[in-house]
Amino acid sequence: MNKRRINKVAVIGSGIMGSGIACHFANIGVEVLLLDIVPRELNDAEKAKGLTLEDKVVRNRLVNDSLKNALKSKPSPIYHQKFASRITTGNLDDDIAKVKDVDWIIEVVVERLDIKKIVFETLDKHRTPGTLITSNTSGIPIKFMSEGRSEDFQKHFCGTHFFNPARYLKLFEIIPGPKTSQDVLDFLNGYGEQFLGKTSVVAKDTPAFIGNRIGIFGIQSLFHQVKELGLTIEEVDKLTGPVIGRPKSATFRTVDVVGLDTLVHVANGIYENCPDDEAHELFKLPDFINTMMENNWLGSKTGQGFYKKTVNEAGKKEILSLDLNTLEYRSKKRASFATLELTKSVDKVIDRFKILADGKDKAGEFYRKNFAAMFTYVSNRIPEITDELYKIDDAMKAGFGWEHGPFQIWDAIGVEKGIEIMKAEGLEPAAWVNEMLASGSASFYTVENGATFYYDIPSKQQTKKPGQDAFIILDNIRKSNEVFKNSGVVIEDLGDGILNCEFQSKMNTIGGDVLAGLNKAVDLAEKDFDGLVIGNQGANFSVGANIGMIFMMAVEQEYDELNMAIKYFQDTMMRMRYSSIPTIAAPHGMALGGGCELSMHADKVVAAAETYIGLVEFGVGVIPGGGGSKEMTLRASDLFRKGDVELNVLQEYFLTIGMAKVATSAYEAFDMGVLQKGKDVVVVNKDRQIATAKAHARLLADQGYTKPQQRKDIKVLGKQALGMFLVGTDSMQAGNYISEHDRKIANKLAYVMAGGDLSEATLVSEQYLLDIEREAFLSLCTERKTLERIQHMLKTGKPLRN
């Protein structure tokens with residue numbers, strides 16, 4: 001059988017979801033044909049231009065406007081604006097025949113079965129036999145859509161439900177139709193994970209599939225509990241946000257962002273189509289939701305929902321909250337609970353659930369009710385919506401941004417303790433849960449030899465979770481493969497001669513213990529191993545150096561100690577590059593300041609596509625002092641040799657630091673010079689990142705890695721560049737574009753990147769640049785304005801302009 005490849009896809013329907021899906025395929029290098037309907041009438045602008053309904057620009061107006069709006073939206077659906085050139089637009093009248101040339105057709109039209117069936121009838125006439133054809137429906141039964149279609153169509157047809165926004169949410173539900181071939185399901189399952197970077201979940205053809213069935217139950221359950229427990233919407237959002245590993249937007253803010261009408265549509269669908277669901281009445285909308293729908297309080301799209309942005313009498317912006325008893329908006333109330341205070345010192349979310357379930361206040365009561373309802377519901381959905389419990393957890397993590405799925409939370413509390421909580425609420429788990437305990441399995445999941453096993457209900461035994469062989473899950477190997485540990489890092493043996501250095505500090509900041517850990521990792525790797533990966537699976541790679549430590553030393557005027565600390569940071573970065581083993585950095589999420597400097601000094605970067613990387617030190621009143629200023633100067637110098645205009649190149653690299661630019665994807669980081677073409681690589685699926693980084697470390701070692709020599713050939717331009725920069729910063733301040741302190745920081749950076757005030761262009765060493773970088777950094781730390789900026793950042797997490 002020929003191996004199936006996806007080189008070109010057609011997306012039918014260019015609304016928010018269709019354009020988002022088209023952009024994500026363009027993100028991974030696939031050619032896209034995006035089609036939509038022809039407008040029925042001219043708009044005013046077209047009439048003014050004398051256009052007719054036959055003009056191509058008119059016929060493609062809907063699809064072109066939709067795609068243009070998507071590309072302008074924030075956060076962007078596309079990794080890099082130039083990737084949009086991979087999308088060709090057209091309309092369903094003139095261009096439908098072109099679907100014969102594609103490998104996969106994805107239907108994303110309005111959620112009406114009659115319209116979908118008409119579209120499929122047309123597509124069936126034009127598609128090439130063997131072409132995949134799928135629907136992005138969020139709830140219409142798959143079996144109804146393929147009725148009456150050709151046998152080849154039905155064999156290659158299923159549901160593929162992307163979650164919105166398609167670039168950012170990882171869930172990819174695959175829903176077989178009655179005649180879908182197993183080969184098609186296996187292909188899509190693998191393609192979703194490996195190419196689209198998704199968590200693929202094969203679901204049964206039941207209303208709302210897996211993610212929305214469980215997710216909407218959770219939200220509806222809260223809607224009913226909120227009044228029963230007398231909680232405010234702020235209190236619920238406090239209890240259901242980051243403290244339990246959920247997004248900051250928690251519950252009510254998330255509904256505002258998604259749109260109340262969207263949630264109501266899915267909830268009504270479940271209520272109408274699941275009459276036998278034991279929680280059927282829970283999907284009935286509470287009165288306050290019906291009132292909000294009547295008032296058109298749908299959330300962000302209508303300007304008000306559970307929250308409302310206003311300007312108060314003092315002219316300041318204020319966010320008001322909806323009082324669910326009076327249905328009037330009021331000032332936000334601060335939410336605090338004693339139980340939450342007990343979790344403040346517990347860094348790992350998974351370790352908090354036991355404490356939360358034992359809470360003696362209203363928060364504890366809320367969690368017990370919440371967990372009892374959720375545990376009962378998910379246990380009863382097997383085998384209705386899936387036969388495997390891990391699919392429910394995967395769907396909630398990938399589709400709703402939960403750090404842990406319901407069965408993982410239940411494990412964390414203890415299966416028997418969970419049943420106890422359920423019984424106290426008058427609820428019972430499904431029979432299979434008691435059978436599991438009786439069979440000798442005390443938990444839903446176990447870990448063996450670094451692999452995750454789950455309780456398989458039919459066989460009544462722990463079974464290896466499929467699809468994880470391409471991954472290295474650090475949580476699973478941390479204890480068994482630990483080689484060294486301090487308060488800042490854990491060094492693990494990844495096998496095959498490669499070590500991993502995993503940061504364990506708060507927000508993965510880089511302080512003394514992390515630097516000591518990095519040096520220890522290089523020592524160990526040079527002595528007994530072949531390569532080193534610097535990677536973790538936290539929310540962010542690293543938000544940078546520990547600025548609290550810098551602030552304390554600067555305030556105490558311990559400048560000798562600060563000088564030594566900065567030199568230690570610089571020396572550690574240089575050791576990443578100049579060691580006798582290959583080093584691979586694996587950034588993801590935020591990789592800022594020192595996290596960026598570390599990545600730039602590794603032999604190779606294996607970046608997750610969703611990496612937000614940059615040198616942001618200007619925001620706290622300093623320049624990059626851990627080798628970042630030196631490295632950008634070196635990289636600019638390397639471009640001089642290629643014949644680029646020297647001052648222009650240097651200015652571009654200067655502005656990247658001076659404007660504290662942060663790439664919004666790994667692909668943008670190549671444009672900034674932070675990642676290097678031909679050397680660094682990008683992986684779309686973050687779950688594969690550590691395994692991919694390990695493979696690259698092994699490859700470099702096998703090719704015969706030799707310790708590089710420190711550079712002494714960096715061309716700096718001296719006074720010629722310094723003069724240009726100083727004139728620029730003076731005029732920027734004169735025009736009130738930057739403050740006096742901004743100018744001071746910029747001039748310090750200019751001095752470093754010009755190589756000092758040398759009378760002519762000169763070749764210098766890395767160490768020369770590091771010394772003047774450190775000197776500039778230290779001199780800025782003596783400035784009162786810098787200390788104010790650092791203090792403001794520590795308090796608020798936001799930069800201060802002073």
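These exercises, each with a worked solution, walk you through the predicted model shown above.

Residues are numbered from 1 along each chain as its sequence is written. Because the model is predicted, local features need pLDDT of at least 70 and side-chain atom pairs count only at pLDDT 80 or more, while totals for chains, interfaces and linings use all residues; side-chain values use heavy atoms, with hydrogens and water left out.

**Exercise 1. The whole protein**

Task: Find how many helices and strands the protein has, and work out how its radius of gyration relates to the globule rule.

Solution: 
- Step 1. Begin with the elements: there are 33 helices and 25 strands. Helices (H or I, at least four residues) and strands (E, at least two) are DSSP runs, numbered from the N terminus.
- Step 2. Next comes the radius of gyration, taken over C-alpha atoms; the globule rule is 2.2 Å times the number of residues to the power 0.38. The protein's value is 29 Å, close to the 28 Å that the rule gives for 802 residues, so the protein is as compact as a globular protein of that length.
- Step 3. Along the principal axes, the C-alpha atoms fill a box of roughly 80 × 70 × 70 Å.
- Step 4. Now look at burial. Buried means under 20% relative accessible area, exposed over 50%, and partly exposed in between (1.4 Å probe, protein chains only). Of the 802 residues, 54% count as buried.
- Step 5. Finally, check the contacts (heavy atoms within 4.5 Å). Among those with a separation of 6 or more, 69% come from residues 24 or more positions apart.

**Exercise 2. The nonpolar cores**

Task: Identify the residues with the most contacts inside the largest nonpolar core, and the helix that gives the most to this core.

Solution: 
- Step 1. Recall the term: a nonpolar core is a set of buried Ala, Val, Leu, Ile, Met, Phe, Trp, Tyr and Cys residues joined through side-chain atoms within 4.5 Å.
- Step 2. The largest one has 109 residues, and those with the most contacts inside it are Ile12, Phe306, Tyr367, Phe407, Trp432 and Phe444.
- Step 3. Helix H16 (residues 362-380) gives the most to this core, with 10 residues.
- Step 4. Zoom in on Trp432: leaving aside residues up to four places away in sequence, Trp432 touches Ser379, Ile382, Leu389, Phe407, Phe444, Tyr455 and Ile457.
- Step 5. A second, separate core has 80 residues, including Ala525, Met600, Met632 and Ala669.

**Exercise 3. Helix H18**

Task: Explain why helix H18 (residues 406-413) counts as largely enclosed.

Solution: 
- Step 1. Count the buried residues: 6 of the 8 in H18 are buried, so the helix is largely enclosed by the rest of the structure.
- Step 2. Name them: Pro406, Phe407, Ile409, Trp410, Ala412 and Ile413.
- Step 3. Find their partners. The buried residues of H18 pack against helix H15 (353-357), H16, helix H17 (389-400), helix H19 (415-424), helix H20 (431-438) and strand E12 (445-448).

**Exercise 4. A closer look at Leu518**

Task: Determine which residues Leu518 touches.

Solution: 
- Step 1. Leu518 is buried, with a relative accessible area of 0%.
- Step 2. Not counting residues up to four places away in sequence, Leu518 touches Cys501, Phe503, Ile534, Thr572, Met573, Met576 and Leu598.
- Step 3. Leu518 and Cys501 are 17 residues apart along the chain, and their C-alpha atoms are separated by 6.8 Å.
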